[in-house]
Amino acid sequence: MTSEQTVLHLLEQNRNRYLSGQEVANTLHITRSAVWKAIESLRDQGHVIEGISRRGYRLLTATTDLQKERLAGLLPSFEVHLFDSLDSTNRYAKVLASEHPEKPALVVATYQSGGRGRLGRSFFSPKGGLYLSVLLPMAFNLESAQLITSAASVAALEAIEQVGGMRCQIKWVNDLYLEGRKVCGILTEGVLGVESGRLSAVVVGIGINFCIPQAAFPLELQGTATSLFDGPSSVPASFDANLLVASLVENLHALVSKLPDRSFLSVYRERSLLLGRKVTVHQDRQTFSATAVSIDDEAHLVVQDDQGRQSVLSSAEISIRLEV
Ligand code: BTN
């Protein structure tokens, strides 16, 4: 075993207390500097390790337990790619699309070093989350992109409820919220067919905060993010994360294959976090207050400002804040 592995093992066995650098060094017969290096390297691999001066180190996260064979067995029509670590599952899925555009694929990682979010933001992706991209080879036009993304949020919401029993809400366009905090984000990207010059495949990237303890989120996310389970020790022994992933992918596949009938929109509306509430809309360089009044058949959000003027929000470049 390398120093990193032994340090990780020791931290795993002592999750409920802080271990000083000296204690780790003495227990493993390595130098303090080797301990420090191992901790830094484990952090680079996506483990969140709290370090408090005069107290020591404590491991907060755990790798989500996924198995490639199990996922492949549950999803026979998908080619399954499972990684411990990847920069971004969406980026990888787009490379697959350029090589084998005709094959549906699922790319999963237990940690992303460069997780991508909407509006060019990054997506916090430590160990303890589920990061997946579903590559669906299908021609589609840009107008359908919003429908695909909305269908994906219903697919994820239903999978979380079916497998975990938690009831989420949808914050337009496609964030899932649990008890008022974001638990899942979705980024849909199109793949341009080289010969056709049209969008020939879609990559739906979904990040679920599965068992990231609240203390492991960075300060700027503390008030707004949450996890399905508050840390690895809160996950019931019988819970199978493979089933959650498989159910999500199956739901998505089914909803996208009947996209034109828009059957998912009833759930999308029913579970909206925004409808009937005051919101602040940030669009281009404009910001205005409004009430979210409805969601139309293209999954656009209709809002009404204080003067009674209605606007239909469709662009992916819009961000919305709930007013309290
Ligand atoms: C958002 O909330 O802004 C969207 C976040 C989407 C994150 C997922 S995690 C799996 C996939 N790979 C990425 O790099 N991003 C998406």
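Analyst: UniProt positions are given here in the numbering of this text, with shortened feature names, and annotations may be inferred rather than shown by experiment. With that in mind, an unreviewed UniProt entry lists residues 21-40 as "DNA-binding region". The model is predicted: local features need pLDDT of at least 70 and side-chain atom pairs pLDDT 80 or more, while totals for chains, interfaces and linings use all residues. Residues are numbered from 1 along each chain as its sequence is written, and side-chain values use heavy atoms, leaving out hydrogens and water.

User: What makes up the chain over residues 21-40?

Analyst: Residues 21-40 are 85% helix and 0% strand, with end C-alpha atoms 12 Å apart. Helices (H or I, at least four residues) and strands (E, at least two) are DSSP runs, numbered from the N terminus.

User: Which residues make the contact between helix 1 and helix 2?

Analyst: Thr6, Val7 and Leu10 of helix 1 meet Val24, Thr27 and Leu28 of helix 2; contact means heavy atoms within 4.5 Å. The axes of helix 1 (residues 3-13) and helix 2 (residues 21-28) come within 11 Å and cross at roughly 115°. Axes are lines fitted to C-alpha atoms, for helices over the stretch in contact, and angles run from 0 to 180 degrees between N-to-C directions.

User: Why are strand 3 and strand 6 said to stand at the edges?

Analyst: Two strands pair if DSSP finds at least two bridges between them. Strand 3 (79-83) and strand 6 (169-171) each have a single partner strand, so one side of each is left without a neighbour in the sheet. This open sheet of seven strands has the order 3-4-5-9-8-7-6 and mixed pairing, and its twist averages 20° from one strand to the next.

User: How do you know that strand 3 and strand 4 pair?

Analyst: Five bridges join strand 3 to strand 4 (residues 105-109), and pairing asks for at least two, so they qualify. The two strands run parallel, and His81 stands opposite Val107 in strand 4.

User: What makes the span of helix 6 agree with expectation?

Analyst: The expected span is 1.5 Å times one less than the number of residues. Helix 6 (residues 142-164) has 23 residues and should therefore span 33 Å; its end C-alpha atoms are 33 Å apart, which agrees. Gly165, with a positive phi near 80°, follows helix 6.
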